[in-house]
Amino acid sequence: MTDIRTELMTLLNENRVRTDADSLGQYGLDWTRFHTPAPSAVVFPRSVDEVAAIVRWANQRKIGLVPSGGRTGLSAGAVATQGEVVVSFDLMRAISDFDPVERTVTIEAGVVTEQLQGFAAEHGLYYPVDFASRGSSQLGGNISTNAGGIKVIRYGLTRDWVMGLTVVTGQGDVLRLNNGLVKNATGYDLRHLFIGAEGTLGFIVGARMRLARQPRNLTVLLLAVPELDGIMSVFRLFNDGMPLTAFEFFSEQALGHVLARGHSQRPFESASPYYVLLEFEAPTDAETELAFSLFEKATEAGWAVDGIVSQSEQQAKDLWRLREDISESITPRRPYKNDISVTVSKAPAFMRELDAILAREYPDFEVVWFGHIGDGNLHINVLKPEDMPIDAFKRECERVSQWVFELVKKFDGSISAEHGVGLLKRDYLGYSRSAEEMAYMRAIKQVFDPNGIINPGKLVP
Ligand SMILES: O=C(O)CC[C@@H](O)C(=O)O
Ligand SMILES: [Zn+2]
């Protein structure tokens with residue numbers, strides 16, 4: 001143990017190598033709460049060269065390395081449980097070389113999502129990949145998981161905003177991929193292989209990110225929807241009727257947990273089994289009027305029974321909190337998470353069947369539904385009963401996961417829509433990827449990381 005520390009201190013100086021219990025506990029874990037952290041050290045490189053030196057050292061030493069950003073992941077993609085060295089990007093937070101013509105900018109991996117959003121706003125622009133953990137999540141992690149979030153319906157995934165990537169492969173080679181080019185027809189785009197690879201092929205150390213023009217007067221409409229089926233009818237009506245920047249849903253149970261924290265008000269006089277939150281740009285009154293007329297159609301059809309539209313930026317934010325605060329508000333209940341997706345047109349049938357399975361298998365557990373339903377992405381959180389030991393709870397949830405994943409497979413869906421696979425979903429990968437695909441994935445891992453140094457045990461079974 002002391003050797004590792006001493007050796008690392010020759011690569012980085014003393015105060016950038018930590019082995020104290022607090023740091024090991026903190027940096028060895030992400031927001032997944034099912035693993036016990038056990039790294040042997042945490043290091044804080046400041047440059048690409050330092051990261052490459054750490055990787056070369058780990059190859060000689062045959063020691064695993066775990067990348068660590070804001071550690072807001074929900075699939076245990078950034079946990080260190082077997083004596084690995086955690087490589088934190090906390091000290092690599094520079095933003096540079098902004099180009100207003102191309103609307104691109106270079107970031108280091110440790111730049112926090114909100115930091116990039118703030119930088120874009122200062123330049124009259126917009127970084128549109130957004131989610132509740134924006135204040136902690138780092139771009140390196142976002143890119144590694146191809147993070148999605150609440151605006152995917154309009155702006156796509158993180159992948160769509162990465163114009164260039166600097167990576168250190170599992171062998172310690174530095175690759176500068178795509179250099180910000182829009183057009184580049186020179187064969188395999190390795191950039192896209194690293195995006196979403198969950199740090200299993202190498203470290204993402206920097207990127208050239210694209211920014212968008214600022215949206216105009218983002219306006220939120222919240223609807224009370226009485227039936228699960230009505231959610232997709234409302235989606236079709238609005239999505240055909242006007243350009244949307246978000247289309248989210250959540251259940252009354254989910255809302256109940258948010259309201260219990262005391263920061264938000266109940267939006268309607270009466271409770272409704274489901275709520276839909278949609279967002280659109282309203283540069284003129286015409287867009288809001290159009291939204292109202294669609295709302296009227298939804299109520300006439302019986303899909304919605306109540307609605308509220310934001311009149312100010314603050315009111316829009318308050319309505320968003322009803323959706324965005326769900327994840328944090330249920331965290332104390334140690335939720336078992338499922339983050340699943342199907343294509344949008346299959347979503348109604350999928351939701352009906354899933355509802356039946358969950359009601360049958362979890363008659364006594366509280367199951368919280370919410371998610372980015374406009375992308376076909378559902379977050380299903382099963383809450384641990386207070387008096388149930390965590391291991392028994394996990395076993396029970398894993399049993400039901402088989403049912404859920406069988407259904408996902410039947411609908412050609414994904415067992416992880418946006419949270420990644422990590423350790424948590426690794427052994428279920430076969431429900432969404434064929435044996436042949438997984439063999440190619442293992443072969444690719446072998447090419448970039450022949451010694452199995454980088455994020456060992458994650459993603460690829
Ligand atoms: O906690 C979850 O299940 C989802 C977290 C996040 O992806 C969200 O959409 O709020
Ligand atoms: Zn989500």
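The shell around ligand 1 is made up of two nonpolar, five polar and three charged residues, where Ala, Val, Leu, Ile, Met, Phe, Trp, Tyr, Cys and Pro count as nonpolar, Asp, Glu, Lys and Arg as charged, and the others, Gly among them, as polar. This is a predicted model, in which local features need pLDDT of at least 70 and side-chain atom pairs count only at pLDDT 80 or more, while totals for chains, interfaces and linings use all residues. Residues are numbered from 1 along each chain as its sequence is written, ligands are numbered from 1 in the order in which they are written, and side-chain values use heavy atoms, with hydrogens and water left out.

**Around ligand 1**
- Residues with a heavy atom within 4 Å of the ligand include Leu74, Lys337, Phe370, His372 and Glu418.
- Among the polar contacts (pairs of N or O atoms within 3.5 Å), a polar side-chain atom of Arg323 lies 2.7 Å from an oxygen atom of ligand 1, and one of His419 lies 2.8 Å from an oxygen atom of ligand 1.
- Of the 300 Å² of accessible area that ligand 1 has on its own, the protein covers 88%, by the Shrake-Rupley method with a 1.4 Å probe.
- Strand S17 (366–372) and strand S18 (377–383) each give two or more residues to this shell, strands being DSSP runs (E) of at least two residues.

**An open sheet**
- Four strands form an open sheet in the order S1-S2-S4-S3, with mixed pairing, where pairing requires at least two DSSP bridges between two strands.
- Strand S1 (17–18) and strand S3 (65–68) are the edge strands, each pairing on one side only.
- S1 pairs with strand S2 (residues 41–43) in the antiparallel sense over two bridges, and Arg18 has Val42 as its bridge partner in S2.

Notes
A polar contact is a pair of N or O atoms within 3.5 Å; within protein, one must be able to donate a hydrogen and the other to accept it, and residues adjacent in sequence count only if both atoms are side-chain atoms.
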